[in-house]
Amino acid sequence: MQDTNLVRNIAIVGHGNCGKTSLAEAMLYTAGKISRLGKVDDGNSAMDYDDEEISRKISINSSFHNYSWKKHDIYLIDTPGDDNFLNETLFATHVCDAAVFVTDAILGVKGQTIKFATMVAERNLPSMILINKMDRERADFSRTLGEIRESLPFKPVVMQIPIGAEENFRGIVDVLSGKAYHFEDGSKGTLKETAVPDDLADELTLYRENLMESVAETDDDLIEKFLEEGELTDEEILDGLRAGIAKALITPVCVCSALLNKGTAAFLDTINLYLPSPADRPAQIGTVPGSNEEAERKPSVDAPFSALVFKTMADPYAGRLTIFKVWSGELKGDSFFNATKNTAERFGQLYVLEGKEQKPVESAGPGMIVAVAKLKETTTGDTLCAANAPIVYEAPEALQPVISFAVSAKKGDEEKLFSTITKMLDEDLTLRLTREQQTKQVLISGIGKVHLEVVGSRIKKKFGVEMELALPKIPYMETIRGSARVQGKHKKQSGGRGQYGDCWVEISPLPGGGYEFVDQIVGGVIPQQYRPAVDKGIQEAMERGVLAGYPVIDVKIALVDGSYHNVDSSEMAFKIAGSLAFKKGAQEAGLVLLEPYMNMVIKVGKDHVGDVMGDLNSRRGKVMGMDSDAKSEIINAQVPMAEIQTYATDLTSMTGGLGSFTVSFSHYEEVPAQIAEKIIAERKNEE
């Protein structure tokens, strides 16, 4: 079993197109884990192997690999940078022991960068920042560092100063040792010691001073010595750095060009040297199943086995793979206990994931990310543990879907499509499948349109059925604003037995009450057996609607009078009479169209509040209040459903990816007359 102190477990996070996957590729190549340096643009990287990832040239899933470097075993999670797949990053950062934060030297800090950084900071997760693409045109280390200091919730300390930039990026200066290194020819990422360039001598002094000061501020003894003597030894700085990083008080900053594999070897050394092992992390807190009693597991091989399942994925060969991070103990054998589901599970083989391949292993210890295939009961978020030491860990809550589309099969194979989507729900916790009762449409909901398009592409490739998306129909309603007393009479004579039903009803509004039927017949003007038929006829007419064919709600009906025929009256005749009475009465009472309003809670930065508020006004929205927290302005609003069907995409455009929102049903409200006219006209054209 590998010494836990020599294990590192890191998630690579950052905004889209910052070079995360290229970095993972360079790290694996430099460590000798893979034999060639693949490229995302060429579709041959070890980490982006899914067909959709290759065609779109973006990461969609978290992918996994590992390498060994100077006696250390490092487990990598390469996470997506697109907002549509944010849930993957959320779960990855929940289980890893440290994060490598990638930003690029051209675009600098973007909206997603801030979003991911906030996620990492909230977990108090040890982190490093890597400024990538130093070889590219317009690469600017100082500007990017300034943006990091200004925008991200970290305390960055520069560990490496780039020598040159753009096509002249040729080496680094290590701030702690004061030594300079040039990149050697070839693409192995190795370094050759050289003299510190004269033009960087002052910068080195400044950054070293900042490093000492930042380290000193993390420890009372160090700050006392620093204030007295103005200096710390290299050993004190190194120990202080390690401790400060482990407590997420300091975030070291390094530089590289992942695509050209320049600086990777130095970065691998930095990971070994500074990032914490599982043994350096605090004990994991959980609860004893069936009670509120707190339990903890130290990240030690001697503790009872425990692990958290953070991803489930379908593999074309191995079947459904369950991926989990081992928090404590050692997993051997062929079974474990699922404490969340209170059931034992058996498995055939334990795997370490290496891109699209699975490597069999005999055991797994703290910090390792491993997988097993074809479990029967276990799903994402479950806790696995030793049966004689049960514990349940809290799993992260999956992001809620914010966009919905009506879904159908392109060639009519609806049953196959929906059974296929149901299988995808296990793999993707941000996916929902629901049926809208009124419109009779099946809705698929997700994080964004790209997210749902990717789901459709996967279904087509894996199961051969095509998914078609359309904007959902809005479930409008109708109601009345006034009262009326009307007669509904159905009389038909065509030889033989006729049909006769006659009822008088009083119709009035019942705000928020749905529907109420009151039998006020005095005497036997309508026999008892026919009165429920009047009620049924009215309800069926309400369901079909009067104004535009939408259901009518919030109506009170009083059955007050009528007449019948001894021979020709029947339940059917009175049902038709009730329907006629309702249609006539609803029109006399004044019908209006209602639309669903949604509660929205929108989180944005101060700079975007004006734009978002103006946009809400243009959507007929009502701002109900404002709030704020340490990071965001929070807008509470009510907006018509018809106006926010593509809001997820629109908010991303308005805020550069910084905004987020949740949505839930609020109430129904009258549609403005000019808009109602258009809706009614369109509805009649459909018929």
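Select helix α3 (residues 86-95) together with helix α4 (residues 111-122): in this predicted model they pack at about 25°, their axes lying 10 Å apart. Axes here are lines fitted to C-alpha atoms over the stretch in contact, and angles run from 0 to 180 degrees between N-to-C directions. Because angles under 35 degrees count as roughly parallel, α3 is roughly parallel to α4. Next, show the side chains of Leu86, Thr89, Leu90 and Thr93 on α3 and of Lys115, Phe116, Met119 and Val120 on α4, which form the contact (heavy atoms within 4.5 Å). These residues comprise five nonpolar, two polar and one charged.

Local features require pLDDT of at least 70, and side-chain atom pairs pLDDT 80 or more, whereas totals for chains, interfaces and linings use all residues. Residues are numbered from 1 along each chain, and side-chain values use heavy atoms, without hydrogens or water.

Move to glycine 178, in the loop between β8 (171-174) and β9 (179-183). Its relative accessibility of 27% makes glycine 178 partly exposed, that is, between buried (under 20%) and exposed (over 50%), with a 1.4 Å probe and protein chains only. Beyond neighbours within four places in sequence, glycine 178 contacts Val196 and Leu204.

Then select helix α6 (residues 201-216) and helix α7 (residues 220-229), which pack at about 135° with axes 8 Å apart. Glu209, Met212, Glu213, Val215 and Ala216 of α6 meet Leu222, Ile223 and Phe226 of α7. Six of these residues are nonpolar, none polar and two charged.

Conventions:
Helix = DSSP H or I, 4+ residues; strand = E, 2+ residues; numbered from the N terminus. Parallel < 35°, antiparallel > 145°, perpendicular 65-115°, else oblique. Nonpolar A, V, L, I, M, F, W, Y, C, P; charged D, E, K, R; others polar.
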